[in-house]
Each structure stands twice: as structure tokens, then as C-alpha cells.
Amino acid sequence: MWAELLPVGRSVSSGGYRRHAWNSADAECRAWFEQQATDRGLTYELDRNGNQWAWLGDPTGEGAIVTGSHLDSVPDGGAFDGPLGVVSSFAALDELRDRDAQFAKPLAIVNFGDEEGARFGVACIGSRLSAGVLGREQAYELRDADGVRLPDAMERAGYDPAAIGADQDRLRRVGAFVELHVEQGRYLTEDQPIGVASAIWPHGRWRFDFHGEANHAGTTRIEDRRDPMLTFADTVLSARQQAELAGALATFGKVVVEPNGTNAIASLIRGWLDSRAADETVLTELVERIRQSALRRGERDGVRVELTRESYTPVVDFDGPLRDRLAKRLGGVPVLPTGAGHDAGILASAVPTAMLFVRNPSGVSHSPAEYAEQADCLAGVAALADVLEDLACQ
């Protein structure tokens with residue numbers, strides 16, 4: 001399975017993956033998922049939001065145990081973030097069948113669409129829509145860098161955008177959701193290839209718009225300029241400084257410049273801030289301090305600054321009894337928090353959720369250097385099989 005997925009959407013130049021929502025690479029991944037379901041005799045289903053489901057047992061049954069993750073990527077992302085969870089889910093089912101496990105509840109494997117938010121700027125779109133966290137009208141207004149609306153992208157890919165929306169009936173039938181994921185950090189020790197998540201830090205994405213005045217780079221006097229690049233650059237440095245003081249994280253990882261000419265002063269710079277903290281109050285105060293710093297520098301530079309919150313996820317404490325049950329079943333593995341968002345975090349408001357982490361020796365994620373040893377991946381499959389057997393079998 002892993003070998004089949006590795007070439008899909010991979011850039012020859014960077015070695016990273018460009019599996020963005022509703023593009024050709026995403027379509028290949030979706031076809032692969034459907035084939036895996038068919039090969040195992042599972043019932044394949046596409047929900048109203050384009051999420052893929054593979055069912056063992058009655059899809060309409062109550063108390064279903066669900067596992068899976070996502071197959072899309074950030075721009076030039078790694079091979080493990082998302083796909084490891086989906087591949088491991090199919091492998092764990094194979095393992096349970098080899099054990100002659102007797103299932104007492106329906107079991108499903110899911111591929112949630114557009115988890116990374118690389119194309120439309122909002123993370124976990126598939127799970128957010130299903131949980132009702134993202135409304136239909138909001139989703140219809142989302143556009144990619146080329147101005148293509150989300151519903152139009154779905155329609156071009158052969159899906160019906162008129163159906164999207166909250167999927168409460170489906171979620172009410174889910175007894176628990178367990179997501180396996182490569183660790184995005186380096187906290188698991190040499191003796192501990194597997195961990196259980198305790199919580200997800202609150203996090204969000206904010207768009208800063210810096211409005212200046214376009215002009216000629218070679219003829220405009222310094223004192224006559226309204227250059228938004230200066231305000232943006234100062235804001236980036238301020239964000240780093242304020243995050244360090246707060247013990248939090250703040251990253252400007254995406255920027256769009258207009259008109260983006262070498263010999264032109266920019267008229268507009270859009271910069272996207274990703275910020276995370278262990279506490280919601282700390283996060284709110286941090287973003288406000290960054291905003292105030294941008295406004296002060298903008299006044300000095302003659303630049304107008306606007307801030308728009310594009311997405312926000314409050315702190316997620318995973319279901320306590322489920323978390324403890326998993327940790328005990330796996331022999332007392334480490335329980336640790338994470339600063340990364342996941343579909344499991346979005347679904348936590350609707351169903352009991354938990355996460356397993358597989359050790360990442362490099363600590364690198366969202367990069368082609370992202371990595372996990374094969375032995376650790378196999379340990380993850382075994383751990384997931386043990387957990388699913390405990391939850392879904394007699």
C-alpha cells in the first residue's frame with residue numbers, strides 16, 4: 001500500500017507532495033482509497049462532504065468504531081502526515097482478520113477531505129463541514145489562489161457541492177474515532193515508539209492585509225513611500241518576539257504580494273499568521289499584541305492594516321475515559337499534548353475521539369524530510385489493531 005501511494009502527487013524538483021484538495025493528485029489518492037475498500041470487500045461510501053468511508057458491517061448501525069485520517073498534503077509536504085494513518089487503518093484491519101477477530105460493532109475507515117487547508121486556507125474542511133463547525137454558506141465563499149470557489153472545485157472533480165453541510169445523523173452513529181498520526185515533534189523516546197494524545201493546543205489562522213501604495217522602485221523618494229513590505233517585515237519579527245515572551249508559537253508561512261514586481265513598491269501584502277498556545281487566553285492576547293504592533297508600525301509607514309480571523313480551533317481535550325483506556329491497553333505508553341490540529345480534534349465536539357502517535361526520529365513535519373522508521377510504523381499498526389480489537393470486537 002505504501003509503495004503504491006508514494007509517487008502520487010510527488011514533485012520531482014522538491015521531493016515533497018502537492019496533494020491539494022480536488023486536484024488530480026487528490027483524485028488519484030481517492031481512487032486508491034476506494035480500491036483498497038473494494039479489495040477487502042468493504043462497503044464503500046462517499047458522504048455529503050466528499051469524505052470517503054469504507055465499512056465493515058452495517059454502515060447504519062449504532063456505536064461504530066471509526067479510524068483513519070487524510071490523504072491530502074501541505075505544499076511540498078511529507079509522505080507520512082495523513083497517509084500513515086489511512087494506510088495503518090487498512091493494515092490494522094488486515095491484522096485483525098488474521099487474528100480471526102469477531103466484530104461486535106461496525107468498523108469504518110475514513111479519509112477526510114482537505115485536512116491541511118492548503119488550497120482554500122481553512123484546515124480540516126471535510127470534518128468541519130460534517131461536524132457543523134463550518135457552515136455551508138461559509139464554505140461556498142472559500143476561494144483558492146486562482147479565485148476558484150470550493151463548490152466549483154468540487155463540481156469539476158465530479159462531486160455534488162449542493163449536498164455539503166452538517167452530517168449529524170452519521171456522527172451520532174459513531175461510538176468512537178481513533179486517529180493514528182506520525183508524531184509532529186520529537187517527544188517520544190528511543191524506548192517508546194507509540195504515544196497517546198492528551199490534548200490539542202488552541203490554534204488558528206489570521207490574515208493580515210497591509211495596504212500601501214504602488215510606485216516605481218527607482219524613482220520614488222524614500223520619504224514619499226507607503227511601503228507595506230516594511231510593515232509586514234516588522235510584524236513578522238514582532239510575532240516571533242511576542243511568541244517567545246508568551247511561551248507560544250507564531251508563524252507567518254504564507255505571503256502574497258501585489259503587484260509582485262521586482263522594480264515596484266507593493267500596493268498590498270497579505271500575510272497569513274498561524275498561531276498556537278497551550279492556553280486560549282494566552283493565544284488571544286498574543287494575537288492582539290501582534291495586531292497592535294502591526295498597527296503602530298503601519299501608522300509610521302503610512303500603511304493601513306486589517307486583520308481577519310479565517311479559522312480558529314479552541315483547546316481540545318480528548319475524551320478522558322477513551323484516552324486512558326487506550327493508554328492502558330497499550331501497556332502504559334506516554335500521554336502527550338500536541339500543537340498540531342487534526343480531524344480528531346474537530347470531531348471531538350461530536351463524538352469521543354482519541355489519537356495515537358508514531359515516533360518521528362527527525363521531529364520534522366510538513367516537509368519532505370518527515371520520516372518514521374518502518375519498525376515504528378509496524379508497531380503503530382499493531383497498536384491500532386489492539387485498540388480497535390478492544391473497542392470493536394467481542
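Reply: Start with Asp-76. Asp-76 is partly exposed, at a relative accessible area of 23%. Keep in mind that the model is predicted.

Me: Why is Asp-76 called partly exposed?
Reply: Set the value against the cut-offs. Buried means under 20%, and exposed means over 50%. The 23% of Asp-76 lies in between, so Asp-76 is partly exposed.

Me: Where is Asp-76 found, and what is its phi?
Reply: Asp-76 is in the loop between S3 and H3. Its phi is positive, about 55°, although Asp-76 is not a glycine.

Me: Which label does Asn-260 get, and why?
Reply: Its relative accessible area is 58%. Exposed means over 50%. Therefore Asn-260 counts as exposed.

Me: What else marks the loop that holds Asn-260?
Reply: This loop runs between S9 and S10. Asn-260 has a positive phi of about 65° there, although it is not a glycine. Pro-259 is found in that loop too. The peptide bond from Glu-258 to Pro-259 is cis, with omega near 0°.

Me: His-20 has a relative accessible area of 19%. Is it buried or exposed?
Reply: Buried. The cut-off is under 20%, and His-20 has 19%, so the label holds.

Me: What is His-20 in contact with?
Reply: His-20 sits in the loop between H1 and H2. Leaving aside neighbours within four places in sequence, its contacts are Asp-26, Ser-73, Val-74, Pro-75, Ala-118 and Arg-119.

Me: What makes Glu-115 count as buried?
Reply: Its relative accessibility is 4%. Buried means under 20%, so Glu-115 is buried. Glu-115 lies in the loop between S4 and helix H4 (125-131).

Me: What does Glu-115 touch?
Reply: Residues up to four places away in sequence are not counted. Glu-115 then touches His-70, Asp-72, Ala-123, Cys-124, Gly-341, His-342 and Asp-343.

Me: How do you know that a polar contact joins Glu-115 and His-70?
Reply: Their side chains come to 3.2 Å. The pair of N or O atoms must be within 3.5 Å, and one must be able to donate a hydrogen that the other accepts.

Me: Which residues of H2 are buried, and why are they said to line one face?
Reply: The buried ones are Ala-25, Asp-26, Cys-29, Arg-30, Trp-32, Phe-33, Gln-36 and Ala-37. Seen down the axis of H2, they fall within an arc of 155°, so they line one face of the helix. The face turned away from the buried side carries the exposed residues Ser-24 and Asp-39.

Me: What covers the buried residues of H2?
Reply: The cover includes helix H1 (2-5), strand S1 (43-46), strand S2 (52-56), helix H3 (83-98) and strand S4 (107-111).

Me: What caps the N-terminal end of H2?
Reply: Asn-23 does. One of its side-chain oxygens lies 3.1 Å from the backbone nitrogen of Ala-25. Just after H2, Gly-41 takes a positive phi of about 70°.

Me: What makes S4 mostly covered?
Reply: 5 of its 5 residues are buried. Leu-107, Ile-109 and Asn-111 are on one side, and Ala-108 and Val-110 on the other. In a regular strand, side chains alternate between the two faces of the sheet.

Me: How do S2 and S3 pair with S4?
Reply: S2 and S4 are antiparallel over 5 bridges. Ala-54 has Ile-109 as its bridge partner. Strand S3 (residues 64-69) runs parallel to S4, also with 5 bridges. Here Gly-68 stands opposite Val-110.

Me: Why are S9 and S12 called edge strands?
Reply: The open sheet has 4 strands, in the order S9-S11-S7-S12, with antiparallel pairing. S9 and S12 each pair on one side only.

How values were computed:
Residues numbered from 1 in each chain as written. Predicted model: local features only at pLDDT ≥ 70, side-chain atom pairs only at ≥ 80, totals over all residues. Heavy atoms only, no water. Buried < 20%, exposed > 50% of the residue type's maximum accessible area, 1.4 Å probe, protein only. Helix = DSSP H or I, 4+ residues; strand = E, 2+ residues; numbered from the N terminus. Arc of directions from axis to C-beta. Contact = heavy atoms within 4.5 Å. Pairing = 2+ DSSP bridges.
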